[in-house]
Amino acid sequence: MGLINHQAEMFSSRMGMGPWHHGLRWQMGLRPLTSLKATQLRALLRPPRPSRRRATHTATATPMATAAATTRRRPRRGSKGPNSDLSRVFTECTRRGDAAAAMAAFDAAVSGPDDPPRLAAHQYNQLLHLLSAADPSSFPGPAAAARRVFAHMLQAGASPSEATITNLARITASDQAANPGAADEAFELVATMKEKYGLAPRLRSYSPVLAAFRRAGQAAKAYAVEAHMAASGVSPEEPELAALLDVSSRAGNADKVYEYMLKLRHAVDCVSEETAAIVESWFKSDKAAMAGKTEWDAAQVKDAIVANGGGFHRLGWLGSGPWTVQRVRVGADGQCGGCGFRLACVDIDVEETERFADSVSGLALERETKTNFSRFQEWLEAHKGYEAIVDGANIALYQQNFAEGGFSLTQQLDAVITELRHRYSGKWPLVILHNKRIAKLMENSSNRHLIETWRANGALYTSPSGSNDDWYWLYAAIRLNCLLVTNDEMRDHIFELLGSSFFPKWKQRHRVKYTFNKGKAVLMMPAPYSSEIQESEMGSWHVPMEEKSGDERVRIWLCIGRTGPCKGAHDAPVSNGAVHDVPPTQAYNGVQQSQPENKADSVTGKRKDRD
């Protein structure tokens, strides 16, 4: 029998299967790990003794044969080292979600009479991750087990990572039923990880701690967690803000609820069902009915809304008395189906616009020839009267990927310019084109006449050789706070460099997409309202909920106001410097929108006429 076992062991070793007494028997599932005694587990995990047999002959091998033999004998990834069997146990237990078996194998390995195996840091993390996801009904007391694993990790000299502390904090925070101080202990782990281990906490490190304080109703401690997040440069997202909103609501802290409503507005466009329920609960409470001022400066509120880009004023609760909460839909023109209020077309505020323009300028100056881009900035400062910037190459090359296709200057680019002039009372847009395009186009007489006309009217700027015209048209549209006509989704590396939280909002409000129908340009203007949390100048709130289909026609909104319809319901909403007044008959269907003849009032930002 011993000879058979020895031969099986040699065979399995050559095949990369590990020792017979563990690798094959355990992989075949002949006995569950939890059914073995500690002595059996230790024997199972003990590495095999090296063979004492000597080679009886040698042979000269060619380099190719040696390489082939080396390839055949290469062990499987993760199988090297004295604790490779333990690693495979952890991996299999993780696959099955079996924390009990993993802990049994760990305890057997580290508590035996032999020298305990040296575990790698990732093995400790693997075990802690498994414990953090353990079902308490099948494995009670994961917190105690996690502390034991972590203590062994430190004793063994393994360096913890952010994942180590995060998993340990998550396990500890979930132990509130058995340990009333579990949330405090978990927060201590996260708050000191930088000082003790040089590790920066991440959002996932704070989330379980914040959830624990929310469950305990400890608002002050939840605020302390948020303060520590801010000090660490970590921004909360919807789940964390919902937790802070909920704990503030239950504490009756109206000022904090208002603060987190604004932060939620900044973090997300539309809220989940869970967050919507928290918002509804607050506005139906007695504390909410008592919050608010009965008198305020209407002009100050309106000015604040304009300065903020539209949609909110940041001046606190307005009005008094009970709130009415309805779930409604919004019309294609932005009119609330519950109270009749016209929702605003929200833009980024003036300060954000300036920072955004400076950010784009800084990146462009780093990547473009500095003198070229600086010259463009100076030129743009002297020519500020444009209502729209046109990405010339994007339009002229639209759907031209066929044999006879080319740079469609007259049929496509000129058609878009004509449509824009029609919309803006004859005013010329600014077309950005690379000068290498212009040099080739000027060889054709009809193209040359068109280009000379654009230049004579100040409607063309050519980006110089070696430049990327994307920087030019993007900066111009941001700096002048006007529309940008392009089908470019702005997803490539240039736009990833911006890393701006308000870039998607800016794109939503300023980009005009286009298509063509029977030779005529069809412009798809931005929607007449924004699907995001809005606070009106009369104190009402409108909160959009997530809609998986993306169809604005079926999106549900929370319409929240004091008893009675919203005052000023039919006033045109305002945004960053301009009134967005779109008549109800001109509906936005998500693809195409008709505009009134006098289109100058519908753009974001007032502009003076060109000289």
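These legends describe close-up views of a predicted model. Local features need pLDDT of at least 70 and side-chain atom pairs count only at pLDDT 80 or more, while totals for chains, interfaces and linings use all residues. Residues are numbered from 1 along each chain as its sequence is written, and side-chain values use heavy atoms, with hydrogens and water left out.

**View 1. Arg202 and Glu162 form a salt bridge.** The N to O distance is 3.6 Å; a salt bridge is a side-chain nitrogen of Lys or Arg within 4 Å of a carboxyl oxygen of Asp or Glu. Arg202 lies in the loop between helix H11 (193–197) and helix H12 (203–216) and Glu162 in helix H9 (residues 162–173), so the pair ties together parts 40 residues apart in sequence. Helices (H or I, at least four residues) and strands (E, at least two) are DSSP runs, numbered from the N terminus. Arg202 is partly exposed at 46% relative accessible area, whereas Glu162 is buried at 11%. Buried means under 20% relative accessible area, exposed over 50%, and partly exposed in between (1.4 Å probe, protein chains only).

**View 2. Arg327 and Glu273 form a salt bridge of 3.0 Å, N to O.** Arg327 belongs to strand S1 (residues 323–328) and Glu273 to helix H16 (residues 273–283), 54 residues apart. Arg327 is partly exposed at 38% relative accessibility, and Glu273 is partly exposed at 44%.

**View 3. Lys427 and Glu387 form a salt bridge of 3.3 Å, N to O.** Lys427 sits in the loop between helix H22 (409–423) and strand S3 (430–434), and Glu387 in the loop between helix H20 (370–381) and strand S2 (388–391). Glu387 is buried, with a relative accessible area of 8%.
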